[in-house]
Amino acid sequence: MLSFKLNYFIASNLLFLTEVCIAVFAHDQIIGPYFGDLLVVILLYCLVKSFLDLPATITALTVLLFSYMLETLQYFNIVQLLGLGNSGIANIIIGNYFAWLDILAYTLGIILVLAIENLWPSKKYNHGEIRNTERVRYFI
């Protein structure tokens, strides 16, 4: 269950740096609010996959449900309820307002993750199936 995967760890760090750049430099109405939300679920997915050997679908759905939960907590003003209203970090990490478009961005991000995971050939597939196919070609 626990296993370190460098490729996911590198991806999560690159996504984190991208999120920081978006937060610092993108002060618009689309990239910052929605593209950042799309990328954050991919970041969380890669971070979990960096350390846990779980199936892609289970990991993706867990990250999506976690994101939905945080968005729902924003609806109930959880930052204020916890007394963290003056904390800039809490407002950035948890968020402070509910938006249906955020839910859509999270969902699209996870759909993208699952599409990439299903289209990208795994190492097991490459080392198993392709080698067997190559062996068959030599004998034919």
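The axes of α2 and α3 come within 9 Å and cross at roughly 130° (axes are lines fitted to C-alpha atoms, for helices over the stretch in contact, with angles from 0 to 180 degrees between N-to-C directions). The model is predicted, with local features needing pLDDT of at least 70 and side-chain atom pairs pLDDT 80 or more, while totals for chains, interfaces and linings use all residues. Residues are numbered from 1 along each chain, and side-chain values use heavy atoms, without hydrogens or water.

In α2, Val41, Leu44, Tyr45, Val48 and Lys49 meet Ala56, Thr59, Ala60, Val63, Phe66 and Ser67 of α3 (contact: heavy atoms within 4.5 Å). Helices are DSSP runs (H or I, at least four residues) numbered from the N terminus.

Buried residues of α3 are Thr59, Ala60, Val63, Leu64, Ser67, Glu71 and Gln74 (buried: under 20% relative accessible area; exposed: over 50%; 1.4 Å probe, protein chains only). They fall within an arc of 130° seen down the axis of α3, so they line one face of the helix (the arc is that of directions from the helix axis to the C-beta atoms). Leu65 and Tyr75 are exposed on the other side of α3. Cover for the buried residues of α3 includes α2, α4 and α6. Asn77 follows α3 and has a positive phi, near 55°.

In α6, Asp102, Ile103, Ala105, Tyr106, Gly109, Ile110 and Val113 are buried. Their arc is within 165° down the axis of α6, so they line one face of the helix. These buried residues pack against α2 and α3. Trp100, Ile111, Asn118 and Leu119 are exposed on the face of α6 turned away from its buried side.

Notes
Helix = DSSP H or I, 4+ residues; strand = E, 2+ residues; numbered from the N terminus.
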